[in-house]
2 protein chains.
Amino acid sequence: MNNVSGRRATIIDVAKQAGVSKSTVARVLGGSTRISEDARDRVLKAVKDTGYEPNQMAAGTRSGRSGLLAIVIPDVTNPFWAEVARGAQDRAVREDISLLIFSSDWDADKEATHLRSLRRARVDGAIINPVADNFGDLSRFGLPFVLIGSSAERFPDTASVGSDIAQAVRLGMDVLATNGHRTPALLLGPRSRLARARFLRAVHEHCVERDIDPAVLAMEESDYTVSGGHEAMSRLLGRKGRKHLAVFAANDLIALGAMMAVREAGLSCPEDVSILGFDGIPAGAFSWPGLTTIEKPGRQIGIRAVESLLDEIAGRAEHGRIFLPCRLVERGSIADLSAQAPARVAVGG
Amino acid sequence: MNNVSGRRATIIDVAKQAGVSKSTVARVLGGSTRISEDARDRVLKAVKDTGYEPNQMAAGTRSGRSGLLAIVIPDVTNPFWAEVARGAQDRAVREDISLLIFSSDWDADKEATHLRSLRRARVDGAIINPVADNFGDLSRFGLPFVLIGSSAERFPDTASVGSDIAQAVRLGMDVLATNGHRTPALLLGPRSRLARARFLRAVHEHCVERDIDPAVLAMEESDYTVSGGHEAMSRLLGRKGRKHLAVFAANDLIALGAMMAVREAGLSCPEDVSILGFDGIPAGAFSWPGLTTIEKPGRQIGIRAVESLLDEIAGRAEHGRIFLPCRLVERGSIADLSAQAPARVAVGG
DNA sequence: GTCTACTGTGGTAACGTTCCCACAATGGAG
DNA sequence: CTCCATTGTGGGAACGTTACCACAGTAGAC
């Protein structure tokens, strides 16, 4: 691991040991140009003997490449984002690249701090889910980057990877309709968030296609949290004139909160209320009933983001905007009212 | 952000602009020695004007410090480990240090790959949850490091941070006893894992203290997964001669799997079966009933690990072994049989 | 036999910092 | 007035690589 003097071995130590110049060692390790078999063998042996590990920092000063990528997400502790980070990390190691993971907590100051850190570390590129929809420094960011998440929408000229919300919403509305819930109530996120508008627009588009008046859909809004969903659902249940109620939640946490509210109101899911979530977080598998939901391809998003970023760095950029399809996960929180009692289908408003 | 020529500003650009030497700029930014107010002002202005961001790689080549730390955990996607990583990250940013997060998937090869990457990146230190209990290269690791998780036990001479399993088990056994379940069945992890032995030993110690014959406790073992818990619980339910059954699961996933098995057997929790989990994963809050569990201080473990590592790096190491206390989270998966029917308390075996 | 192309190699200048030594200016003690 | 310590500053070596140029040796073409 170390050479005799206790220092870490450098390329020069290897060169001496192998009886060649450091240029030759670099070439063997770099692998691009032709090397005599004899030299290669001697170098490889010397590398092993000395326990030489290339110093990426030193290499970086000269080459300008740090071998580091960064990803800035809201929170690694959030299962969806953890999945994204994990995908990105796995893809990066395949290229012998290490990944710095930053959590911004939807906080512009923290984001700024992280952006500064990543710049100082001279990362080769960054994958960013901007907290503010007006991610200002974008054009003068001065670093290859790829956007992930809903804010990508605002920047059609930059590379981005996200999930196909329109397809997801279509999937959700269709499974609800198939089960006899043509006009579900909507549990939306807060007005300030771009994701909300995107979700809502997709619903509207789908309604138009299916000849449903969007105005007929009941709506409640809340934070993207369990307690938010709980409150929103309580408000919804407070309205009168319903038999079976079906809700499409903009996020799984809202859906789980809604499920709790239903139970506390003395009703049960899916008998009295059908609930459809959105995200595909693992916790949805453990609720009772299991949460039927639309799963976003978090891992894939991470993987594709890295690939896109690699393209961007290499200059073979097409500034592509990638939208990955979502998947329906049926677990039992939706009642099938299509056959037995089509007349009891909930109507909105 | 860039200077006129389009290059990134260097310390020399700043020095020129401020009319001082690069040494002076370095001193202003480093902040250690005394500087004339005049010089400081000019430098700070020049830094702002040029948009200078120090090049950490270049600094690292000379100083030997990369400003990078690494953490190797089994999986960021696992809520507990995500929490640990998050704590570590938050603590690291406070020191202006960036954190590389690696997931080893309990795979020795992946771990080796990550260890090589982190060495090449010349991280200043590493926080490691070794996959193998015989983490071999430990002594000749040649890098400051801190161990986290149960394997720390095997290496009493190295710094480590973990949760206080003995205290946690005491907490769990006591809450069970208080509710009338003095001799719960144990749902353990696989024999190969060190964590299992630690858990079991703590239970035994506690039993001795409380005058309970440990042999009386029923035991089942499985993977640390939902399906594992499901199977183990099914086997347990298959045994005869029980009234109310109480189980202490070695992990929340096992507990959630057990809860599912109970429901599928036509029984209900907590009426027929009391379940106590261990970990404190968020999903436990969404099950029905909510899972009563012992919460490990994941975030704190991450924080303390970084602090310990920082000590290690600075040489003010005490090679401390830190065990953080766990916390009981009561949610309703344990029936209180202490008052109404003490005779119905489950007996093991 | 000379020229040319190619192959493998060595030497050296960057890269952008930090670290260390030198030194001028200042001021107080003797 | 001389000496010495202190304060602020500058200059250059060093860190371990990569990039680039130079060049020796070989072989084929004419």
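The residues of the surface near DNA strand D divide into eight nonpolar, twelve polar and five charged, where Ala, Val, Leu, Ile, Met, Phe, Trp, Tyr, Cys and Pro count as nonpolar, Asp, Glu, Lys and Arg as charged, and the others, Gly among them, as polar. This is a predicted model, in which local features need pLDDT of at least 70 and side-chain atom pairs count only at pLDDT 80 or more, while totals for chains, interfaces and linings use all residues. Residues are numbered from 1 along each chain as its sequence is written, and chains are lettered from A and ligands numbered from 1 in the order in which they are written.

Around DNA strand D there are 25 residues, of which A:I11, A:A59, B:S23, B:R34 and B:S36 come nearest; a residue is near a strand if its C-beta atom, placed from the backbone, lies within 6 Å of it. At least two residues of this surface come from each of α2 and α4 of chain A and α2, α3 (37-50) and α4 of chain B, the helices (H or I, at least four residues) and strands (E, at least two) being DSSP runs numbered from the N terminus. The most is given by α4(A), with five residues.

DNA strand C is surrounded by 26 residues, the closest being A:S23, A:R34, B:I11, B:A58 and B:A59. Here α2 (22-30) and α4 of chain A, together with α1 (11-18), α2 (22-30) and α4 (56-63) of chain B, each supply at least two residues, and α4(B) gives the most, with five residues. By class, the surface near DNA strand C has nine nonpolar, twelve polar and five charged residues.

Between the protein chains, 39 residues of chain A are in contact with 39 residues of chain B, contact being defined by C-beta atoms, placed from the backbone, that lie within 7 Å. On the side of chain A that touches chain B, α4 (56-63), α5 (79-93), β2 (98-103) and α6 (108-120) each supply at least two residues, and α5(A) gives the most, with seven residues. That side of chain A comprises 18 nonpolar, 14 polar and seven charged residues.

When the copies are superposed by least squares on the C-alpha atoms of residues with pLDDT of at least 70 in both, chain A can be laid on chain B with an RMSD of 0.1 Å by a turn of 180° and a shift of 0.0 Å along the axis. The two copies are therefore related as by a two-fold rotation axis. Because 100% of the interface residues of chain A are also interface residues in chain B, the copies meet through the same surface.

Technical notes. Contact = placed C-beta atoms within 7 Å.
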